[in-house]
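Colleague: I am new to this structure. Please take me through it, and begin with the terms you rely on.

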Amino acid sequence: MSIKSFLILLFLIPIVLGCSSRQDAGVRSDPIRSLEEWNALGRKDPVRNIVCSGSGALRLISYLECSERVIAVEQTEKSESGFAPYRAVHPEYGKLPVFGEGHGRDNVEFLLTGNPKPDLIVRIDNPGSGLDPGILQERTGIPVVLIPYGDLGRDRPLFDRSLRLLGSILGKSDRAESVIAFMDSQIADLDRRTRGISPEQSPTVYLGGLSYRGSHGINSTSTEYPPFDWLHLKNPASSLRSGSIRGYHAMISKEQIVFWNPDYIFIDLGTLGLDQANGWLEKKDQNVYQNIKAVKQDRIYGLYPNNSYNTNFEAMIANGWFIGKTVFPDQFQDIQLDEKIRNIFDFILGDPFIPVCPAPLKSKVYKPIYKNNQTNREESGS
């Protein structure tokens, strides 16, 4: 055999062996996106060990009551500064080994050498974020289920599809259907109570302080906030919607808020992560807002943060009930709000949560958080 032939053979052997090992492991070259693709792997053993990669993956696994199968987490999941309820409900996540930084920046070496080794990587489909999921699957030999996160608005079908796919793979289909049906019933009830209210009777509302890749002030809002839509409320920020843009986040000027002059302002308390006093309403800007109806009538309220490493779906539904009872008390007079909110968290996360929510939120969440008269007294020095 010539030296040239010998070198070619040496080059081909690891490629052949590598392909063989991946075929033996039953791993596709592309990530799994459907139940049909998962079944095509022919895997018979149940999935016992999971890692969740990307923003929101661990939340969905928590919804499916599979927390005991999680064997490692991203460094982001160990953060004590976030407002993700699933982390508070599952403190054991904070004690697990770390397999990546976050947002899909996974450590391939850890995934290959960990003991136990994951049976499955659940990865949020976020193009351009972290290691390419196909390359991740190829390098580790571990099946990667790639799922869109979806939302509770126009992308609700994506959320339902992802939860059902994970439920089928993990043997939790009944739980997936229960969560979907519960969310459907909550949203339908909010809609039923308010759909008959005429546009003239429906007040103008504004969501401020929305977290988006970090904390922001009052001028951070959403052009499509599902609870406002469920309750048939007038959200002036919806005028900024664009059918060609999937994202809902918008940064607006303080003057725009004054121009919109909302009847109610709801503050996403994720803004408490800012350094300024009260986060969302700095002293130097208070005079700008004094003539807004919501400010003059003390109609500013705190909501549980909608986002913390992606959307807190259970919090968004709870926020919907708080907003509904606040704005339309007659339509919600039969609702004991504290009990209702605890039940929502309890069903979706297995814990009432609110009594043990992060300390910075306890005095503000689901309460009035700004008193115009009090502020005037403070500024006058009385």
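Modeller: A residue is called buried under 20% relative accessible area, exposed over 50%, and partly exposed in between, with a 1.4 Å probe and protein chains only. This is a predicted model, in which local features need pLDDT of at least 70 and side-chain atom pairs need 80 or more, while totals for chains, interfaces and linings use all residues. Residues are numbered from 1 along each chain as its sequence is written, and side-chain values use heavy atoms, without hydrogens or water.

Colleague: How many helices and strands does the chain have?

Modeller: There are 16 helices and ten strands.

Colleague: On to the strands. Which strands make up the open sheet, and in what order?

Modeller: The sheet has three strands in the order S6-S9-S10, with parallel pairing. Two strands pair if DSSP finds at least two bridges between them. S6 and S10 (300-303) are the edge strands, each pairing on one side only.

Colleague: How many bridges join S6 to S9?

Modeller: Four bridges join S6 to S9, which spans residues 264-268. Val-205 stands opposite Tyr-264 in S9, and Gly-208 stands opposite Ile-267.

Colleague: Changing topic, how many aromatic pairs are found in the whole structure?

Modeller: The search finds 15 aromatic pairs. Rings of Phe, Tyr and Trp (its six-membered ring) pair if their centres lie within 6.5 Å; planes under 30 degrees apart are stacked, over 60 edge-to-face, and the rest tilted. One of the pairs is Tyr-225 with Phe-228, which is edge-to-face at 5.0 Å centre to centre and 85 degrees between the planes. Tyr-225 and Phe-228 are both buried. Phe-345 and Phe-353 form a tilted pair, with 5.1 Å between centres and 35 degrees between planes.

Colleague: Why do Phe-345 and Phe-353 count as buried?

Modeller: Phe-345 counts as buried because its relative accessibility is 0%, and Phe-353 because its value is 1%.

Colleague: Which residues form the aromatic cluster?

Modeller: The cluster consists of Tyr-225, Phe-228, Tyr-264, Phe-266, Tyr-301, Phe-322 and Tyr-366. Tyr-366 is found in the loop between helix H15 (359-362) and helix H16 (372-380). Its phi is near 60 degrees, a positive value in a residue other than glycine. Tyr-366 counts as buried because its relative accessibility is 13%.

Colleague: What is the phi of His-232, and where does that residue lie?

Modeller: Phi of His-232 is also positive, near 60 degrees. His-232 lies in the loop between helix H9 (226-230) and strand S8 (249-251). At 33% relative accessibility, His-232 is partly exposed. Most residues other than glycine have a negative phi, and most peptide bonds are trans.

Colleague: Where is the cis peptide bond?

Modeller: The cis bond joins Asn-115 and Pro-116, with omega about 10 degrees. Pro-116 lies in the loop between helix H5 (108-113) and strand S4 (120-124).

Colleague: Which ring does the charged end of Arg-175 sit over?

Modeller: That charged end sits over the ring of Phe-347, 5.3 Å from its centre. The rule asks for NZ of Lys or CZ of Arg within 6 Å of the ring centre and within 35 degrees of the ring normal. Arg-193 lies over the face of Phe-332, at 5.2 Å from the ring centre.

Colleague: Lastly, Asn-312: where is it found, and what does it touch?

Modeller: Asn-312 is found in the loop between S10 and helix H13 (313-327). Asn-312 is buried, because its relative accessible area is 0%. Leaving out residues up to four places away in sequence, its contacts include Arg-59, Tyr-63, Phe-83 and Tyr-304.

Technical notes
Helices (H or I, at least four residues) and strands (E, at least two) are DSSP runs, numbered from the N terminus. Contact means heavy atoms within 4.5 Å.
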